[in-house]
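Hi,

Here is the structure I promised to pass on. Have a look first, and my notes follow below.

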Amino acid sequence: MIKKPGPFLASLLILLSACTPPGGKPEKPTPAPSGETAPLDFTIQNLVNPGEPLSLASYKGQVVLLDFWATWCPPCRFELPALNRLYGELKPKGFVVVGLTVDNGPAEQVAQAVGKFGLSYPVGLAGRDVQQAYGGIRAVPTKFLLDRNGNVVKQYQGVVPEDQLRADVEAVLAL
Amino acid sequence: MRMFRTTALLAFLGIAMPVGSWAASPFSVDAVMDTRGAAPVIRVDFKVPAGHFLYADDVKIEASGTTLVPISVPDPKTVFDKFSGENKRVYGDDFSSVYRLEAARDPVNVTVSFQGCSETLCFFPESKTFTLSAGQPAGGEAEPGAPRTAQSFDDWKTRLSDFDVAGSESGYLNTDKLLAFLDGSLSGGGKTDDALSQFHRRGALFTVLLILLGGLALNLTPCVLPLIPINLAIIGAGAKAGSKARGFALGGVYGLGMAITYGMLGLVVVLTGSKFGALNASMWFNAVIAVVFFLLSLAMFDVITIDFTRFQGSTAPGANRKGHFAAVFVMGAVSALLAGACVAPMVIFVLLLAGALYGKGMALGLFLPFLLGLGMALPWPFAGAGLSFLPKPGKWMTWVKYAFGVIILAAATYYGYEAYRIYQADKPAPSSGVEAAPQASDVALAEGLSRALEEGKPVFIDFWATWCKNCIAMDKTTFKDPAVRQRLEGFVEIKYQAEKPNEPPARDVLDHFKVIGLPTYVVLVPKK
């Protein structure tokens, strides 16, 4: 059995869950893996710019929206234009979207599939280890909003309305 | 606004939010092996929660070391996917698929892969392997709490007591006719009055005319239509040097062969209760037809000369002419036998009426199938006479003959292939293999009935067989029509394959539904 979260955390979660979209209710929460370096950090293959690896640490100081998605997932694809827009709009304020595809198959093939969506933000191939670090991704789209210190302040499962996403990002940017 | 405060508070306090681990996949799958039939069948049950769906194209079921032959796989729904803007074929409810193993394997590993989504969320593709064995119905990775046993395959007969037969129809139906039949059945008008009362209502003379016309139309069924050029060639070959009268006579003899044979076929069905057209399910029948056609094609190419005088035991000068009459008579008989694989509503009507009249002591009723054959024969004397108008034979006639030879050779190949196909289907287990498909169909029938009862839906049963030309034609046309597909979504659709309609267990089912020939469609409604 997984360790139970403390009462304080639990009450916060309840508050939070009132705001998450239906289906986005986190169940069986696990404490974030603790470690000296940023626990959720990863360095993976960059599908948009294969020359340089994609590292979460390199966005330290920025607000990051991690989007776990798959090219075969219609709701995920539906959200891509909104994420692209949000990135373009809020990039100057220190915001970045990092796409993490969970597609199976050779990187070149996935890169080709991803390329068709014309995304302006970085996209990486998230293997099992990265999925595991974020609680074991079981479904997509799943998104995490990270503050400038790399802490997860919000997580979403399922399609999130663009307005809500913008409001959340702006709130975290304003901190 | 509370949300902003919460996120702000969290961030301010520098508390990292825990990363959630979500509940496992909402879908579940289970596979069982049922060994109650002659050959084991594999059933795969999918559980799809409300608001979720599985993509039909991503559902894959495979067995180790052999192939799974689908017996009953529900048709997916086509829905508009608002995210991709495309139509997708999906399963939105719990469903079960039944397969049989092409080659016996025990134990067998069955791997089920699928991928599904909810309204806004897609779940990772999943794959599960079950080890199934006859001695252990619920095997392998079966999900806890869902132990399945062979018990769920109740006898279809006991389940039928919960249904009323709302309608029954036979033969090839176009979209309009099928829809009308479905609507009529559900509104209580699907039960046409029985053959005898139709006969009384219409009167004897009108019925006879109707039967003759129906017989005439039998020439247009997919069983007889391809034979028309062949038969014209054979009659024509005899008529080429003859007069109009000779052509008429040849056509007449051809028609007589047709009518007598068709009459006999009907007689056998009425007197013994066997199923019409079942002969076409026999490998030997198809093989013999293939050989007959092959020999005929050789005759067309002048490779051989069919000299029927030998069989006539006569050396009279007219013997060869007589011989040709015999050949034409045999071809008429062959056409009638092949026509048996195509059942039209008129055929069913005639057989029922003949049976009913005979049952009332009117032996004359037994003459009715012959009348139907007579109707089928009607155009042939005239066709024969028409052929005698052809110009006198010359070089061109040889080429026409060769062309017919090619057509006949194609027919021979087709029937040869049919014989081979039936032989292959029967091969795996000569004693029990024959029963495998119908047994499996029985399971599908029982399954479909209980599903209909659960969902309160009417049932549409399509009795068919691979040798039934009209059944195949239905699958390729009417049953493909989107209007029909949409209409049938309101039904639990059961395809009952009666490959050997004269042998149990198929025969029991067909007898129960009073199915005389294929295709026949039956609509059942749950009793209130």
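Predicted model: local features only at pLDDT ≥ 70, side-chain atom pairs only at ≥ 80, totals over all residues.

**What I found**

Strand 4 (residues 60-63) and strand 9 (residues 108-114) of chain B run antiparallel and are joined by four bridges (strands are DSSP E runs of at least two residues, helices H or I runs of at least four, numbered from the N terminus; two strands pair if DSSP finds at least two bridges between them). B:Ala63 has B:Val110 as its bridge partner in strand 9.

Residues are numbered from 1 along each chain as its sequence is written, chains are lettered from A and ligands numbered from 1 in the order written, and side-chain values use heavy atoms, without hydrogens and water.

Now the cysteines. The whole structure has two disulfides over all chains (cysteine sulfur pairs within 2.5 Å). A:Cys73 and A:Cys76 form one, S to S 2.3 Å; the torsion about their S-S bond is about 80°, so this disulfide is right-handed. B:Cys117 is joined to B:Cys122, with the sulfur atoms 2.2 Å apart, and this link is right-handed too, with 90° about the S-S bond. Both B:Cys117 and B:Cys122 are buried.

One last thing: the peptide bond from A:Val140 to A:Pro141 is cis.

Cheers

Conventions: Buried < 20%, exposed > 50% of the residue type's maximum accessible area, 1.4 Å probe, protein only.
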